[in-house]
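Here is a short briefing to read with the model open beside you.

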Amino acid sequence: MVSKKKVPGIPSSSLADIAFLLLIFFLVSTTMDVDSGLERKLPPMPPEGQEDTPPIKERNVFVVLVNAKNQLLVEGELTRVEDLREKAKNFMANPNNDASLPEKTVKDVPYFGPTPITKGIISLRNDVGTQYKMYIAVQNELVGAINDLREELSIQKFGRSFNSLNLDHKQSIQEIYPSRISEAEPKRVGDK
Amino acid sequence: MSKFRKDDSKELPEVSTASLPDIVFMLLFFFMSTTTMREVTLNVKITLPQATELSKLEKKSLVSYIYVGTPQPQFQKMFGTEPRIQLNDQFAEVSDIPDFITSERQAHNEAEVPQMITSLKVDEYTKMGIVTDIKQELRKISALHINYSSRKRVN
């Protein structure tokens, strides 16, 4: 009888070391950062040969100007960025139906019934020399103003945060407070 | 005394390390599947501006990035210190953006094209002139969905 020769097993004690090595490589090279930012939609290019946009009543436009020195002019008044959000909210909501603030049209909104909806538009115009940092700060406040209004309405009506609402509820709130921020073509004034 | 000595000889059994490779492999696979390799090397210096009303970019594969900032020191001899645009790995002009967006679109399914987002990673000290030019180019090629990349502001 031939004696069985045992085949030596491959040592697996270094397996852990190899795995560790790979693990450390992936740990180091991985980037976990989530990209986030202000999401905006650009307006489509106007079709060729289109005349100027139809005139909008002055009371319906919230004019925000930023100049090359990063100063902020809101409705003809020099304003600090910190105060912009309140002003924009007041403009879009127009709680006391002020005659100098935007008009409202009554429209039937699901879940809300006939609701007056503002016709207000926020118009943002910046200079060529404006700093990007300032521009983002202003954009942030304007987007924040609309988000705040939606959040308040959502709490008041549904008792929940806007982000936790389902799609139908969200859409009807978005209808009441539309995100209407228009950006004018920049003027080349005060450049250099 | 002898009673204690008897106890001493009974050693605690060692913790088995046989399952260590399995644990490490599990971690390894987790990191391998979650990792996203950095695709471009930044040739421009970018400090993102701060904001509070942030939304996350969901599908990274559908995002095309446009970087704007001052060139890194080793490129300043060639490209100067004024803010420049970087697309993929190289410096570019505003006029290169339509081609860039078109090639990004060709790399995707036709069905996915409407969901594509352009992320603008712009240094906070850049002047708006160059940003507006980029936005105009994006409008022309109707890549309208954009995202101004920014950091979370900590109060």
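Helices (H or I, at least four residues) and strands (E, at least two) are DSSP runs, numbered from the N terminus. With that in hand, chain A reads α-β-β-β-β-α-β-β-β-α-α-β along its sequence, with four helices and eight strands.

This is a predicted model, in which local features need pLDDT of at least 70 and side-chain atom pairs count only at pLDDT 80 or more, while totals for chains, interfaces and linings use all residues. Residues are numbered from 1 along each chain as its sequence is written, and chains are lettered from A, ligands numbered from 1, in the order in which they are written.

**Overall shape of chain A**
- The C-alpha trace of chain A spans about 110 × 55 × 40 Å along its principal axes.
- Chain A has a radius of gyration of 28 Å, whereas a compact globule of 192 residues would be near 16 Å (taken over C-alpha atoms; the globule rule is 2.2 Å times the number of residues to the power 0.38).
- Buried residues make up 22% of the 192 in chain A (buried means 20 or more other C-beta atoms within 10 Å of the residue's own, exposed 12 or fewer, partly exposed in between, with C-beta atoms placed from the backbone).
- Two residues are in contact if their C-beta atoms, placed from the backbone, lie within 7 Å; of the contacts in chain A between residues at least 6 apart in sequence, 67% join residues at least 24 apart.

**Where chains A and B meet**
- On the chain A side, 38 residues are in contact with 44 residues of chain B.
- At least two residues each come from α1 (15-29), β1 (36-41) and α3 (132-158) of chain A.
- Strand β1(A) pairs with β3 (residues 55-56) of chain B in the antiparallel sense over two bridges (strands pair if DSSP finds at least two bridges between them).
- Look for G37(A), whose bridge partner in β3(B) is S55(B).

**Helix α5 of chain B**
- The 13 residues of α5 (residues 128-140) of chain B should span 18 Å at 1.5 Å a residue, and the end C-alpha atoms are 18 Å apart, which agrees (the expected span is 1.5 Å times one less than the number of residues).
- Which residues of α5(B) are buried? They are M128(B), V131(B), K135(B) and L138(B).
- Those buried residues fall within an arc of 80 degrees seen down the axis of α5(B), so they line one face of the helix (the arc is that of the directions from the helix axis to the C-beta atoms).
- Their cover includes β7 (121-126) and α3 of chain A, along with β4 (63-71), α4 (97-106), β7 (117-122) and β8 (145-149) of chain B.
- After α5(B) comes S142(B), with a positive phi near 50 degrees.
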